[in-house]
Amino acid sequence: MPSDGLSIGYTQPTFATRQDSIEQAVGRLIQHPQHVRIKKLLFSVCHGTWENESTVLDSVSMGSLVDIVLGRYTTLSQCRDSLHKKANSLNRQKAYIAISNVILYYLRDIFVPQVPRAPSTDQQVANLSASVQSLAKSELYQSVIDVLSKSNELDIIKTFLGYLGQAPGKIADTASTDLLSLVQSAHRQAPTPLQLKQHLMAILKNQSSPAQSQAIARTILRAFRPLYISANTPPVVTSPDSLTTLEQELAQKCDVHQVRVLLYSILYGPYADSPLQREILRTKTLRALLQETFEYCPTYGDFESKLTILAHCLETSDGINRALKVMLVSLYRYYTKDKGASS
């Protein structure tokens with residue numbers, strides 16, 4: 001084997017399934033003498049930022065990075081272009097071009113065209129969510145997207161947006177997430193400019209390039225400014241007692257599970273009862289979902305439009321229809337009670 005440790009030295013077997021091929025490729029990449037450099041290059045391509053900290057790299061599996069690459073690129077040529085572009089931007093270009101070629105060698109057979117299959121439940125959810133998000137675009141969010149999308153550092157910006165609301169240092173997979181979803185999620189997690197700044201400062205503490213990271217943070221703050229300037233609608237005032245009354249009213253008039261499904265859909269995209277969605281919904285109480293909804297939808301108009309759009313994307317049933325009608329009436333009174341009290 002050459003001293004640079006980049007020799008391939010094995011014959012790729014024929015695999016029974018694509019998943020077998022992926023697992024075999026991941027195993028070979030993990031076992032390769034240059035596996036650390038391989039992971040660094042993949043991490044940079046997937047998350048848009050270079051990472052040298054072993055604790056951060058160790059928190060991400062080689063398999064998850066390969067999954068992101070395979071989800072982002074449909075052909076080996078696209079994958080090669082991305083890897084080589086990243087390698088050519090680094091100080092040790094020749095070394096990382098060689099690393100790129102090692103990765104491409106092990107992944108080459110995975111890009112062979114596959115027999116079309118019906119999309120999985122999770123993929124159907126993702127497709128529905130993308131459709132709903134396109135309908136839900138507002139001029140306000142579009143202005144933020146327009147500013148961010150013009151940046152040459154869009155991949156890093158998306159990574160920062162993915163970090164918002166999560167524990168510092170946690171890796172967020174933003175490769176396959178559209179910019180609108182990330183902006184909306186970040187706005188939910190930081191409804192005031194102070195909260196956004198605090199989140200970004202927490203993220204900066206874990207970045208290896210302070211100057212570049214500060215510039216990214218300033219770009220995000222600048223782009224989000226119109227959201228806070230235009231947010232002149234007073235928030236819905238909630239209290240434990242008032243939420244208890246609302247919970248009781250909903251429980252008396254319809255199936256609470258269907259209410260939770262509809263609220264989940266407003267906040268996180270259409271609910272299709274996938275295993276992952278069931279697990280997330282299990283951790284969300286009705287009260288927590290209501291509180292998040294009031295924060296996400298500051299006016300009844302926001303709530304009504306999102307609820308009715310999402311309802312069309314769910315499998316209709318008598319329970320869902322009943323919950324929809326009850327929610328439109330019950331939450332309308334809740335949204336207007338503060339307005340009536342102050343007039």
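1. The model is a predicted one. The side chain of Asp 273 meets that of Arg 278 in a salt bridge, with an N to O distance of 3.6 Å. Arg 278 is partly exposed as well, with a relative accessible area of 34%.

2. Ala 272 lies in the loop that runs between helix H14 (256-268) and helix H15 (275-282). Its relative accessibility is 33%, which makes Ala 272 partly exposed. Cys 313 is 41 residues away from Ala 272 along the chain, and the C-alpha atoms of the two are separated by 9.3 Å.

3. The structure has six salt bridges. One of them joins the side chains of Arg 287 and Glu 247, at 2.8 Å from N to O. This pair links distant parts of the chain: Arg 287 belongs to helix H16 (residues 286-296) and Glu 247 to helix H13 (residues 240-253), and the two residues are 40 apart. Arg 287 is partly exposed, at a relative accessible area of 27%. Glu 247 has 18%, and because buried means under 20%, Glu 247 is classed as buried.

4. A salt bridge also connects Glu 292 with Lys 284, whose closest N and O atoms are 3.0 Å apart. Here the two partners fall on opposite sides of the 20% limit for burial: Glu 292 is partly exposed at 21%, whereas Lys 284 counts as buried at 19%.

5. Turning to helix packing, helix H1 (residues 18-31) packs with helix H4 (residues 62-72) at an angle of about 125 degrees, and their axes are 10 Å apart. H1 and H4 are therefore oblique to each other, since this angle lies between the range for roughly perpendicular, 65 to 115, and the limit of 145 for roughly antiparallel. The crossing of the two helices is right-handed.

6. Which residues make the contact between H1 and H4? On the H1 side they are Arg 18, Ile 22, Val 26, Leu 29 and Ile 30. On the H4 side they are Met 62, Gly 63, Val 66, Asp 67 and Leu 70. By type, the residues of this contact comprise seven nonpolar, one polar and two charged.

Key. Residues are numbered from 1 along each chain as its sequence is written. This is a predicted model: local features need pLDDT of at least 70, side-chain atom pairs count only at pLDDT 80 or more; totals for chains, interfaces and linings use all residues. Side-chain values use heavy atoms; hydrogens and water are left out. Helices (H or I, at least four residues) and strands (E, at least two) are DSSP runs, numbered from the N terminus. Buried means under 20% relative accessible area, exposed over 50%, partly exposed in between (1.4 Å probe, protein chains only). A salt bridge is a side-chain nitrogen of Lys or Arg within 4 Å of a carboxyl oxygen of Asp or Glu. Axes are lines fitted to C-alpha atoms, for helices over the stretch in contact, and angles run from 0 to 180 degrees between N-to-C directions. Angles under 35 degrees count as roughly parallel, over 145 as roughly antiparallel, 65 to 115 as roughly perpendicular and the rest as oblique. A crossing is left-handed if the near helix is turned anticlockwise from the far one by less than a right angle, and right-handed if clockwise. Contact means heavy atoms within 4.5 Å. Ala, Val, Leu, Ile, Met, Phe, Trp, Tyr, Cys and Pro count as nonpolar, Asp, Glu, Lys and Arg as charged, and the others, Gly among them, as polar.
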